[in-house]
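Biologist: Could you walk me through the charged contacts and the surface of this model? I would like to learn how to read each feature as we go.

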Amino acid sequence: HEAKYWEALNYEIPTYVKSVYQKADSIKFVYECVLNVVLDYNKIISSFSDDERLLFKPLISSVEKKIMPGLNKLTWNADVGDEYIAECSNNTAELQAFVDDYKSCNLNIVSICEKICDSPFFYIRPNCAFDIHDLVHEMVVYMDDILMKLTSYYHEIIKYIILVFEGFEHVMGTMANQWIKYINNFDTLMEEALKINCRNSFEIRL
């Protein structure tokens, strides 16, 4: 800004200042683009738990490698290519999109496990009298239906797990332990859901 006023007053501007001043619009554009990349990156990082940071570490590192030249090599006097800025923006946007999918899949899996808890294996209509054959028939029909429903829930969970896996597939070799831990967490959640289902089933039967 000062250089602009000095120029308006017909004062000579030092060469090293003038070289930057002449790029003022370009520098402002680069600043805004870099700021957006930084904000996007910080938003991604702040959304992770400690375990998620470890799980996403290879993907985070990949984005950081793309951004790193701008932190270590580029200066305000350097020509920053649109291609570099676009690449940084695209990489953070792609990671954000996958993080959104990942979190959505996790929420959906938790929701399905809640449905499993609320899908008892046994159900007998209250205040109804049955002869033994009708009772057995009704219970068999209900159990067949509930098993189909639980199988459907299981396939839904697998679908979401595969969707998450595909996002990590190209870096799976560097994060196998974290992936196993991630899967084990949902195995445990599924196991607990089935245990609750069984308890609820026996309570209803009693």
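**Salt bridges and a surface patch**

Modeller: Gladly. The count comes to five salt bridges, where a salt bridge is a side-chain nitrogen of Lys or Arg within 4 Å of a carboxyl oxygen of Asp or Glu. This is a predicted model, in which local features need pLDDT of at least 70 and side-chain atom pairs pLDDT 80 or more, while totals for chains, interfaces and linings use all residues. Residues are numbered from 1 along each chain as its sequence is written, and side-chain values use heavy atoms, with hydrogens and water left out.

Biologist: Which residue meets Asp 51 in a salt bridge?

Modeller: Lys 181 does, with 3.3 Å from N to O. Asp 51 belongs to helix H4 (residues 50–55) and Lys 181 to helix H8 (residues 176–205), so the pair ties together parts that are 130 residues apart in sequence. Helices here are DSSP runs (H or I, at least four residues), numbered from the N terminus.

Biologist: Is Asp 51 buried or partly exposed?

Modeller: The general idea is a scale of relative accessible area: buried means under 20%, exposed over 50%, and partly exposed in between (1.4 Å probe, protein chains only). Asp 51 has 39% and is partly exposed; Lys 181, at 38%, is partly exposed too.

Biologist: Where does Glu 52 lie, and where is Lys 103?

Modeller: Glu 52 forms a salt bridge with Lys 103, and their closest N and O atoms are 3.2 Å apart. Glu 52 lies in helix H4 and Lys 103 in helix H6 (residues 82–117), so this pair links parts 51 residues apart in sequence. Glu 52 is buried, with a relative accessible area of 13%, whereas Lys 103 is partly exposed at 26%.

Biologist: And how is the pair Glu 192 and Lys 195 separated within helix H8?

Modeller: They are three residues apart there, which is about one helical turn. Their closest N and O atoms are 3.7 Å apart in a salt bridge. Glu 192 is partly exposed at 34%, and so is Lys 195 at 38%. Salt bridges with shared partners join Glu 191, Glu 192 and Lys 195 into one network.

Biologist: Now the surface: which residues make the nonpolar patch?

Modeller: A patch takes residues with over 30% relative accessible area and no salt bridge, joining nonpolar side chains (Val, Leu, Ile, Met, Phe, Trp, Tyr) within 5 Å and like charges within 9 Å. Here Tyr 31, Leu 35 and Leu 39 make a nonpolar patch of about 290 Å², with accessible areas from the Shrake-Rupley method and a 1.4 Å probe, only the protein chains shown counting as cover for residues. Leu 39 sits in helix H3 (residues 24–46) and is partly exposed at 48%.

Terms used:
Helix = DSSP H or I, 4+ residues; strand = E, 2+ residues; numbered from the N terminus.
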